[in-house]
2 protein chains.
Amino acid sequence: MKKFNIAILGLGTVGGGTYDILKKNHDLIARRTGADYQVTRILEISDKAVAAHGVDPSMVAADADDILTADDIDIVVEALGGIEPATGFMLKAMENGKSVVTPNKAAVAASYKKLGETARENGVHFRFEASVGGGIPCLAGISESLAANEFSEIHGILNGTTNYILTKMGEDGRSYDDVLKEAQEKGFAEADPTADVEGIDAANKLSILMALAFDQYIPPMDIPRTGITGVTGEQLRAARERGCCIKLIAHAARKEDGSLSCDIRPTEIPFSHPLAGVNNEFNAVYVTGDAVGEVMFYGKGAGALPTGSAVVGDLIAIMKQLSTGCR
Amino acid sequence: MKKFNIAILGLGTVGGGTYDILKKNHDLIARRTGADYQVTRILEISDKAVAAHGVDPSMVAADADDILTADDIDIVVEALGGIEPATGFMLKAMENGKSVVTPNKAAVAASYKKLGETARENGVHFRFEASVGGGIPCLAGISESLAANEFSEIHGILNGTTNYILTKMGEDGRSYDDVLKEAQEKGFAEADPTADVEGIDAANKLSILMALAFDQYIPPMDIPRTGITGVTGEQLRAARERGCCIKLIAHAARKEDGSLSCDIRPTEIPFSHPLAGVNNEFNAVYVTGDAVGEVMFYGKGAGALPTGSAVVGDLIAIMKQLSTGCR
């Protein structure tokens with residue numbers, strides 16, 4: 001089989017995790033899937049990151065075009081994060097005949113239609129499993145394995161930071177500020193946790209889930225949102241007495257007329273429900289399909305290796321399809 | 001796109017569910033996946049089953065060869081169940097250039113290598129998502145989405161009958177015989193429940209999971225097995241006091257030397273573990289991969305429509321690949 005040339009934009013958490021997995025598990029992947037590859041170019045300005053992953057400095061691209069318009073790159077992993085220049089880079093890669101894989105939920109949610117159309121117009125593959133639920137294979141699950149279903153409902157615990165905080169507050173009776181501080185120390189929350197605690201991150205992910213499951217695109221900013229900053233120990237105790245925990249739930253449901261209702265808000269979940277067992281940094285996507293009924297995907301929603309696992313899963317899928325001439 | 005001709009062997013629970021979904025969701029599937037198809041022939045001796053699904057009697061095959069050696073059939077769904085003649089039919093279909101989809105865990109587990117080799121030799125596709133966990137998309141999850149991982153461990157609740165019985169015994173304090181009777185009345189257990197309660201069904205499924213996740217085939221009969229007939233109310237109460245429930249767990253782990261340890265036995269699971277939330281007829285597959293960490297797939301392990309959903313998911317995957325010339 002052809003040996004595919006892969007380029008990675010960004011050697012941060014996810015780009016670095018992707019690179020590490022591609023290197024460590026190369027032979028396992030080749031043996032199991034028949035996909036052979038090499039990482040040939042990396043865009044990264046930090047020499048420290050380059051050295052930390054043992055990357056040969058000669059592999060570092062001079063600039064983005066050194067990758068995006070190069071003839072000898074087959075697939076680009078966009079792992080810079082943020083809306084721009086990431087989105088522009090992805091579009092340019094596609095316009096230059098390269099398939100794209102990304103974990104970038106903000107960019108995918110903001111430009112869902114444009115990215116999909118551009119991929120189709122240029123006959124390239126575009127995959128973004130890692131953008132929702134980190135390592136959890138929920139997007140392929142929904143759009144491929146469960147493609148026979150008409151979905152009626154989605155419930156998601158889509159953000160590890162808020163799930164960690166609510167789990168600890170609920171279990172230990174500690175205050176929001178106290179748990180947030182611990183989460184930051186342990187790397188489960190950012191120095192500025194706004195995007196997570198206000199549900200913005202979850203909204204990006206719910207937008208993508210709705211587009212895939214219901215074939216309806218709702219911009220993340222149009223999703224009604226209540227974050228977790230107002231959740232109190234008293235509410236958690238009262239919920240517990242009712243046999244419930246409180247989770248930040250991203251919810252979408254198809255209404256009778258086919259349109260969607262959706263929101264993100266702290267919600268009481270009975271302890272008997274599988275979603276109540278999704279704790280700390282774990283995420284879950286719980287869907288209801290007209291044939292399969294209720295299905296839940298559970299796993300680590302973030303982290304270098306879990307997210308890298310999803311990125312590499314997408315790379316493998318693309319390489320298999322390109323090998324057999326699939327467009 | 002080409003319109004694929006699909007034949008179904010057997011219009012029982014799963015064959016009937018598959019047929020119903022293919023009919024009901026035809027336009028949804030075509031629109032969403034680009035896959036167009038028609039069911040052109042069905043092997044079924046019961047006129048009642050044929051009528052119950054509204055199948056045109058002219059579509060009923062005279063015999064198996066009317067499907068297996070026919071020039072105008074692209075994909076065969078084998079939904080007869082049992083080892084023979086199902087296995088022979090699948091091999092014959094493949095030898096005649098037809099791709100095969102099956103939910104038949106006993107046949108797949110018994111002839112795993114032969115079925116896979118025959119498919120490869122004949123350049124056809126062979127998929128069996130429905131054979132483990134019914135509608136749960138765990139096999140594609142493990143072998144495709146998570147293909148970048150080296151797996152170290154699998155824990156499965158793979159049989160709905162035994163999970164239903166243990167759930168009710170644990171929650172309601174009722175006796176095994178009492179709950180078994182109710183399970184049979186509700187259709188969650190067979191008149192002869194041996195294959196389920198003795199863990200034979202779970203062994204078939206664990207054999208398939210191990211082959212996919214660890215690339216090692218262990219015949220189901222070689223898996224050490226203890227069923228649930230010896231589980232008592234006293235054990236369940238004692239477990240509950242220790243903060244655990246008891247589940248019939250199918251377990252496999254890679255040892256240091258790369259070989260596998262595996263067994264199926266009633267096992268105490270802490271209530272805090274996600275597997276403890278898998279109750280009644282629901283199943284789950286919990287895997288640990290070196291990149292992704294812990295992932296759980298949860299859903300209905302049996303039933304006409306859930307299992308049919310997985311069969312149709314496999315049909316869609318094959319049609320997509322055949323459309324683009326993939327072999």
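## Two chains and what lies between them

Chain B and chain A bury about 3,500 Å² between them, 54% of it from carbon and sulfur atoms; buried area here is the accessible area (1.4 Å probe) that two parts lose on being put together, summed over both. Arg32(B), Ala148(B) and Tyr298(B) supply 17% of the area that chain B buries against chain A, more than any other three residues. Keep in mind that this is a predicted model, where local features need pLDDT of at least 70 and side-chain atom pairs count only at pLDDT 80 or more, while totals for chains, interfaces and linings use all residues. As for bookkeeping, residues are numbered from 1 along each chain as its sequence is written, chains are lettered from A and ligands numbered from 1 in the order in which they are written, and side-chain values use heavy atoms, with hydrogens and water left out.

Back to the interface. Chain B puts 44 residues into the contact and chain A puts in 44 residues, with contact meaning heavy atoms within 4.5 Å. The rule also finds two salt bridges across this interface, each being a side-chain nitrogen of Lys or Arg within 4 Å of a carboxyl oxygen of Asp or Glu. One of them pairs Asp290(A) with Lys24(B), and their closest N and O atoms are 2.8 Å apart.

How do the copies relate?

The largest nonpolar core has 146 residues, and Val285(A), Phe297(A), Val285(B) and Phe297(B) touch the most other members. Such a core is a set of buried Ala, Val, Leu, Ile, Met, Phe, Trp, Tyr and Cys residues joined through side-chain atoms within 4.5 Å. Leaving out residues up to four places away in sequence, Val285(B) touches a list including Val132(B), Ile142(B), Leu209(B) and Phe297(B).

Over in chain B, helix α5 (residues 86-95) is mostly covered, with seven of its 10 residues buried. Helices are DSSP runs (H or I, at least four residues), numbered from the N terminus. Among the buried ones are Phe89(B), Leu91(B) and Met94(B). Just after α5(B), Gly97(B) takes a positive phi of about 75°. Thr118(B), in helix α7 (residues 112-121) of chain B, touches Leu91(B), Met94(B) and Glu95(B), not counting residues up to four places away in sequence.

Here are some accessibility values, where buried means under 20% relative accessible area, exposed over 50%, and partly exposed in between (1.4 Å probe, protein chains only).

| Residue | Relative accessibility | Class |
|---|---|---|
| Thr118(B) | 3% | buried |
| Cys245(A) | 13% | buried |
| Cys262(A) | 14% | buried |
| Ala304(A) | 29% | partly exposed |

Ala304(A) belongs to helix α14 (residues 304-323) of chain A. Beyond residues up to four places away in sequence, Ala304(A) touches Thr13(A) and Gly17(A).

Finally, the cysteines. The whole structure has zero disulfides over all chains, a disulfide being a pair of cysteine sulfur atoms within 2.5 Å. For Cys245(A), the nearest cysteine sulfur is that of Cys244(A), 7.1 Å away. For Cys262(A), the nearest is that of Cys138(A), 17 Å away.

Note on methods:
Helices (H or I, at least four residues) and strands (E, at least two) are DSSP runs, numbered from the N terminus.
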